[in-house]
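Hi,

Here is the structure I promised to pass on. Have a look at it first, and then read on for my notes.

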Amino acid sequence: MLLKDLTIKEIARQLRNGDVTATSLVESCQIAYEQTESKLNAYKTWSGDNAKHVASSIDSLISAGYDFGPLMGIPVSVKDLFAVPKMPTFAGSKRDLGPRWQVPGTLINSLTKQGATIIGKTHTVEFAFGGVGINEHWGTPRNPWDSKEHRIPGGSSSGAGVSLCQGTALLALGTDTAGSVRIPASFTGTVGLKTTIGLWPRDQVVPLSKTLDTPGLLARSVEDVAFAFDAIENSLRGNSKKVNKLHSLGGLRVGVPEHFFWDDIESDIADVVHQAMRSLEADGAILVPIKIPNCAEVYKVFQMGGLGAPELSSFLKMELPEAIDHLGSLVKVRIEGSEILSSLEYLSRKSLIERSAASAKLVFESVDIWLHPTLVNTAAIVDEVVDIEAYRKVNMLVLRNTSIANLMDLCALSLPVGLDVHGIPIGLQLTAGALQERKLLAIALRVEEIIGKAKEILGNLPK
């Protein structure tokens, strides 16, 4: 069986059995990198030589009977916001942010302590401020689903999904402030999990919004995401609980919003998502029409800059003032003026977000989960969003559906359910209450089983 056909769990088992080595995994990633990176541009920093050295040490430890954790020997790509030893952090900006940002935080330590192999740092939108995936300094990763046109990969974790498609990583670590894990997952046919705010530590992660930032995972399947989630939770908390897949969706109350999330949707995307919903219903799910209060209100505030613009502006002024003069135009124009935002307006925005989160909790009294299309549009061609007004329009559209889970303090997951008329993957978002990641993943595992695994969709990836 080919390595690409195996789950991370199966590869982990083979590592321990001696059927696969950590070194051979890194070598496979290196070959994929050499064959595709010049075209796809997934990485800001490639660390193949160091990863091979680490992998050799891991092989020796495994041979000696050591087992540091489930992700031991697994190649992981990391978004270039996380501080990683011996790798510069640019955060998508023009300059290296300095030695402070090579000191790892808790989450990176949780990966390295269990022996995960960090293969490199993937591109991000500058300071993670955007959902399209464009970077004016280092180029925009290419969506691998279109071999003819350079389409956007989604952002801000723009290189993360691409790294999985190109075969240079089995797991990708990203961040999600308004959709930055789920948008690239949707556009690249991978699976993206946005965790609840505060579930995982954010120390030594360059912030966009201290209020809304959350770390997240991307992988080739829900099964891989669930495996990695358990591994990280166990490393952080000593929590040995496991995500258990549901045997059926019988009796599960699935909320389907009647408004907001379906506005301006492309018809082929709507058709695929509706077909997926019928498949869930056939497995016993009860589809319940719901109304989610305050969607339009919080999204309007988000369009005005929300908390991200003023909080990023504050971080840059206090921590990286030298970076401000070198900001790309797409980021600079969107934070200009936010420094003069009144404290009353800032607190008013926070208050609305808090009230909306409280209202969202009430929705989960009548449903177990809700679903909607992750995105309502296909991946745009990069040349068509260079103009600032065109960029604004596409950026707000791709962020609209995903941002609500952040603004209402929920956890959410995007998984692929098909391809649109352009051959670009279509994502379905499942949303659960705060700190309900295991419930969300248990349901998503069953949904994946019903509608087809993400890796089966990835099997259609153009060569």
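To start with a question: which residues lie nearest the centre of the second largest pocket? They are Phe129, Phe302, Gln303, Gly305 and Arg334, out of 29 residues that line this pocket. Before you go further, keep in mind that this is a predicted model.

Staying with the second largest pocket, it holds about 450 Å³ of space. Helix 9 (295–303), helix 10 (308–319), helix 12 (329–335) and helix 14 (388–407) are the elements that each give two or more residues to its lining. Helix 14 provides the largest share, with four residues. Sorted by class, the lining of the second largest pocket has 14 nonpolar, eleven polar and four charged residues.

Now for the largest pocket. The space in there comes to about 880 Å³, and 32 residues line it. If you want to find its centre on screen, look for Lys4, Cys165, Gln166, Gly167 and Leu461, the lining residues nearest to it. Two or more lining residues come from each of helix 2, helix 5 (160–166) and helix 16 (454–458). Helix 2 gives the largest share here, nine residues. As for the classes, the lining of the largest pocket splits into 16 nonpolar, eight polar and eight charged residues.

Helix 2 also turns up in the next bit, which is about helix 1. Helix 1 runs over residues 8–17, and its buried residues are Ile8, Ile11, Ala12 and Leu15. Looking down the axis of helix 1, you'd see these buried residues fall within an arc of 105°, so they line one face of the helix. What covers them includes helix 2 (22–40), helix 3 (48–63), strand 4 (171–176) and helix 7 (222–237).

Is Thr378 buried or exposed? Thr378 counts as buried, because its relative accessibility is 12% and the cut-off for buried is under 20%. Leaving aside residues up to four places away in sequence, Thr378 touches Arg151, Phe187, Glu266, Ile269, Asp420, His422 and Ile424.

That's what I have so far. Over to you!

Conventions: Residues are numbered from 1 along each chain as its sequence is written. This is a predicted model: local features need pLDDT of at least 70, side-chain atom pairs count only at pLDDT 80 or more; totals for chains, interfaces and linings use all residues. Side-chain values use heavy atoms; hydrogens and water are left out. Buried means under 20% relative accessible area, exposed over 50%, partly exposed in between (1.4 Å probe, protein chains only). The arc is that of the directions from the helix axis to the C-beta atoms. Contact means heavy atoms within 4.5 Å. On a 1 Å grid over the protein atoms alone, a cavity is a set of points where a 1.4 Å probe fits but cannot get out, and a pocket is an open set with protein on both sides within 12 Å along at least five of seven lines; lining residues have an atom within 4 Å of a point. Grid points are joined across faces, edges and corners, and a volume is the space filled by probe spheres set on the points. Ala, Val, Leu, Ile, Met, Phe, Trp, Tyr, Cys and Pro count as nonpolar, Asp, Glu, Lys and Arg as charged, and the others, Gly among them, as polar.
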